[in-house]
Amino acid sequence: MAQGLERSPIAAKLTRPVSGLMATTYRWVDERLGVTDLMHQLLYEAVPRRGAWAYSLGSATLIVIILQIVTGMFLLWTYVPSTTEAWESLNFIEHHDEFAAIVRGMHLWGAYILFIVIGLHMVRTFVSGSYKKPRELNWIIGVVLFLLVLGLGITGSMLPWDQAAYWTATVVTHVISYFPLFGTQIEEILRGGPQMGPATLTRFFAIHIWLLPALLVPMIGLHLILLRRHGEHGSWVNYEGVEEETEVERSRRMAAAEAPYPALPSDPGYAVPVDLDEFFPSQVFKDAVVSFALVLIIFVMAIVVGAPLERAANPAALNYVPTPEWFFLPLDQLLVQFPQAWMIPVGVFVVPGIGTTLLMLVPFLDRTPGREPWRRPEVMVPGLFTVLFLVFEAMLAVGRLFNL
Amino acid sequence: MPLLAAATPQLTQVPISTGVATALVALLMLTHVQFAAWQQGGYIILAVSDFVGWKRKSERYDRFSKGLVTALGATFAVGGSLAIFAVMILFLGLWAHFWIDVQRVLFWPLVAEAAAFVGEIICLYPLYARWDRLGRVRGLRVGLEVLLFINAELQMLLINMVASYMLTPRNAFNLPAIMMNPTEIPLEIHRMVGNIAWAGAIIALTAGIRLLLRSGHRPDVRPYLDWMGHYGLIYAIGFTIAQPLVGWEYAKEIQLHAYASWYDMMLGGLSVAFLFQVFLLGAIFTVGIFYLWRRVRASGFRSPALAVCTLLSFGAWMLISTPSSLAWSYESVFAANANVPIWQGGLLIPWGAMIPWKLTALVAFTGVTIVALTTYLKYVSRGKLRWGDAGRGQAISLIAVGVAVSLIMALMGFIRENSRGPFLITNHMLINQQQNYSPPSSTGPALQGPASNSGVSVILPVETHP
């Protein structure tokens, strides 16, 4: 146990030995499954003390993803992935199955909240320089997770097979056809033929419920394993004063730190936060409060606003103007800024591709010594402009779409 | 509208020409806009500076914040008076038709505007008068500053609805459509970013002038002025970085929804003024980057990266300042039957074209300035710059950026207001309708004019005048 880090009374109470039949049963199970060891491994670890509310964004992301999986499973009980019955099944939910309508609303609003939370989580990690050595791979995995969630968002929006879904799918698959050399082939693979049809919906359904989750779940596991391996970096505020420490003071502090600290013997100044707290119950409590609040917001929005369902897809309705989901507004606006056919690949693939690559490479591009944001202008200035760019693009897209 | 119709017959015509009235309104409004923009940008700089001073216990930021709030309080008194004078005297006296129309169409946003104006006074006065006392509860003071910024932002949002409505009006009976008219959001972002840059430029300009004065050479003053100039310039060029993108979007919306205005700005009579505007934009970037390079040099560091950035920015400046033709407007080129390149005896200069050359220059400004700013801040963040090292050249650069931003602000207002001509509200109300006013009859037919193509009803049709 780290110096000055005492087990809280709540933790002791919750993990005290029980007696009677329950104790016998617990011991029987524990001997076979090692539950106590597992609980200790999961719950007893040191975390940075300062800024702990901001660190709850990671667990909130996990909780919302779990909520998405659960609500998605419920929806599968009714939803039929065929062009003739997809809309009918959701229309049935909206008008004849109140519980399923709320679940569908939660699935939609859960997705919206997930984008916000995952975005904030990334911003927090970026600003605090948490991606630095030895956590580079965890940052890359985080970016991949973000891209997978974006993929889930776009494929999920196509499944209702209403007007919005159909025309979104039409635009998205057509835009992909601008990919150099293999664009048309990729478009045909996604559509299941040269035109939109039954195979299109089936393929996007498969991508949404099988392919992307199959990639997402193990990546989340890897993300958590690496988090435990290196410990939570937290924020620069947890390392204030380390530069003034002597080697002896630093060694003493690192030796007294509780697992998972010290991390790998790299960058010793930032290997152990100066001020530590217990994951359970301190951080778990904060995580629970934030996660509960988010789930509550999702639930309320599902009841009050619900999930929209437009008219059934009509390929003949050529005057229908599809509008993208809000999280794709910047990309949509970017597409408008490259209006000529030969420029579309630049707006759709080159600019976002370069942006994503740079985002992944941030840990290797940022060679600054410190962790404080004002001491890392090399990444903070471009990062700030990127965020401003995305916000402005989204705002401009809102104005444009409103006046269509 | 019967109430309005009944009230208006008491008005009499103001005995001055349309030109004089327009010049008076333009002069006053341009001055007011400059003040308002400074206030709005200054508030956010104040909040950021005071917060940083609080959290980092920096005397320099504290001193700066106190000086800034004093300046903002004083200029608010002048700018606010100008706004009230503009509404009470000029709009009611000289542009009554316009004012009645705007009141009718955007009544609630204007009420909210007035409320936000009162809110601004409520927030600003305690900061101005009780700065030190409020410093005992620093969180409250910073909170008040943030509130002040939100208030000013709200005011700008609301008045932008009027400004954008004048250029791209929408259905007069659909308030959300008017409020969200096609140029509202681009104008909002354009001004918000521009106002912060403008406030930064004024700070840099003040520091630059004071650095040149004899008092600016005192050892207890010079380091602070040097830092203040650098601080203002960071805002000035940092926020101007967003303008090429936002300005491009703004122009595109104007092209789509008010083509005549766009044509006038880009290819017509105002294109020369617009060319001068992009020349000023290039000057802001190039002189700003030049300052960064020389400021680093003044502290004894050679920065090849900043030197290259200055050169690239200079190249982009020259490119963007090249006219697309050797004529006043595109019509003149065709009138002279000389729409061939200059080497064939024509008037066209191909590398002065918007696409791809001016667009390339705009992209270059954005990219190069981000690199330059990042490189410069690297020196600052590592503590390599000694405040007080700035020389005469840096002071002049700061002044030049301040002057260029001031000119571009005034010129933009001139271009925007004139691009609508002869309309005051596009396709809806003419400027000369303001001076040949005659009261409508009590039955109010003048208030029920025909609908224009854009669905906006004409309020006071000219055909009723003799």
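Biologist: What makes residues of chain A count as being in contact with residues of chain B?

Modeller: Two residues are in contact when their C-beta atoms, placed from the backbone, lie within 7 Å. By that criterion, 15 residues of chain A are in contact with 17 residues of chain B. On the chain A side, eleven are nonpolar, two polar and two charged; Ala, Val, Leu, Ile, Met, Phe, Trp, Tyr, Cys and Pro count as nonpolar, Asp, Glu, Lys and Arg as charged, and the others, Gly among them, as polar. This is a predicted model, in which local features need pLDDT of at least 70 and side-chain atom pairs count only at pLDDT 80 or more, while totals for chains, interfaces and linings use all residues. Residues are numbered from 1 along each chain as its sequence is written, and chains are lettered from A and ligands numbered from 1 in the order in which they are written.

Biologist: Why is a set of 130 residues called a nonpolar core?

Modeller: The term denotes buried Ala, Val, Leu, Ile, Met, Phe, Trp, Tyr and Cys residues joined through C-beta atoms within 7 Å, where buried requires 20 or more other C-beta atoms within 10 Å of the residue's own. The largest such set has 130 residues, and therefore carries the name. Ile284(B), Val401(B) and Val405(B) touch the most other members.

Biologist: Which residues is Val405(B) in contact with, leaving aside its neighbours within four places in sequence?

Modeller: Val405(B) is in contact with Ala197(B), Trp198(B), Ala201(B), Ala236(B) and Ile284(B). A second, separate core of 61 residues includes Ile65(A), Ala86(A), Ala101(A) and Leu114(A).

Conventions:
Buried ≥ 20, exposed ≤ 12 C-beta atoms within 10 Å, placed from the backbone.
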